[in-house]
Amino acid sequence: GTPTTAAAKRIGLLVNPDNANAEAVTQEMAAAASTIGVKIELMRASDIPVVFEPILQARAGEWLDRHAGGEILVAVAELDGVAVGRIAIDYTRHADRGAAHVWSAHVDAGHRSRGIGSALISHVEAAAEARGLETVEISVGKENDRARALYERLGYRCYGEDVAAWSYVEDGRTVHQAEPVWLLRKALRRS
């Protein structure tokens, strides 16, 4: 496993111990989330039925395995001990170009516009920075103007478009999905 700093252990963030800024980043991250009353935690198996639709729950279990292997981080936002949002970041998908890839960002409809999505994004950005990555990339559905506006407010810039494709198993059959997306990226601050 990857060694962690004491502050990172408290909030469940695996960090690169060679990054001298890691402790300060994790403390800043925890402070930002606490100002809105949200706690960002690593996703646990017990969170899966709360933050994932039934058809995606098997995939979420696979993500926990990848998380345990250090390839990704999957986090949930909690209010009063209840998971109300999630986010995942892949450290390996675009590592060849010094980038992390964010996906599966979601906040329950009843908890939107409270800063929870921003706190989740800040959390994974700090995780990527602590890993020594230089940029974070995310794709957002072309129909999801609200999410794109949030990402742009947080400093992401559109650099292209693509079609995101994924699949899941429902009632014993594989269902394939595709969605036109905007590709956005943000350079991380470097000390």
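**Side-chain contacts in the predicted model**

In this predicted model, Glu137 and Arg185 form a salt bridge, with an N to O distance of 3.4 Å. Glu137 is buried, at 3% relative accessibility. Arg185 is partly exposed, with a relative accessible area of 32%.

Arg185 also takes part in a contact with an aromatic ring. Its charged end sits over the ring of Tyr159, 3.6 Å from the ring centre.

Glu137 has a salt bridge to Arg97 as well, at 2.6 Å from N to O. Arg97 lies in the loop between strand E3 (82–94) and strand E4 (99–107), and Glu137 in strand E5 (residues 135–141), so the pair ties together parts 40 residues apart in sequence. Arg97 is partly exposed, at 42% relative accessibility.

The salt bridges number ten. Side chains of opposite charge can pair when their charged atoms come close. Among the ten is the contact of Glu41 with Lys39, whose closest N and O atoms are 3.2 Å apart. Glu41 is buried, with a relative accessible area of 16%. That value falls under the 20% cut-off for a buried residue. Lys39 is partly exposed, at 48%. This figure is not over 50%, so Lys39 does not count as exposed. Elsewhere, salt bridges link Arg44, Asp47 and Glu78 in a network.

Aromatic contacts were examined next. A pair of aromatic rings is described by the distance of the centres and the angle of the planes. The model holds three aromatic pairs. One of them joins Phe52 and Trp63 edge-to-face, at 5.4 Å centre to centre and with 70 degrees between the planes. Phe52 lies in the loop between helix H3 (48–51) and helix H4 (57–68), and Trp63 in helix H4, so the pair ties together parts eleven residues apart in sequence. Phe52 and Trp63 are both buried.

Trp63 also pairs with Trp103. This pair is edge-to-face too, with centres 5.1 Å apart and planes at 85 degrees. It links distant parts of the chain, with Trp63 in helix H4 and Trp103 in strand E4, 40 residues apart. The relative accessible area of Trp63 is 11%. Through these ring pairs, Phe52, Trp63 and Trp103 form a cluster.

The charged end of Arg86 sits over the Phe52 ring, 4.3 Å from its centre.

Conventions. Residues numbered from 1 in each chain as written. Predicted model: local features only at pLDDT ≥ 70, side-chain atom pairs only at ≥ 80, totals over all residues. Heavy atoms only, no water. Salt bridge = Lys/Arg side-chain N within 4 Å of Asp/Glu carboxyl O. Buried < 20%, exposed > 50% of the residue type's maximum accessible area, 1.4 Å probe, protein only. Helix = DSSP H or I, 4+ residues; strand = E, 2+ residues; numbered from the N terminus. Phe/Tyr/Trp six-rings, centres within 6.5 Å; stacked < 30°, edge-to-face > 60°. Lys NZ or Arg CZ within 6 Å of the ring centre and 35° of its normal.
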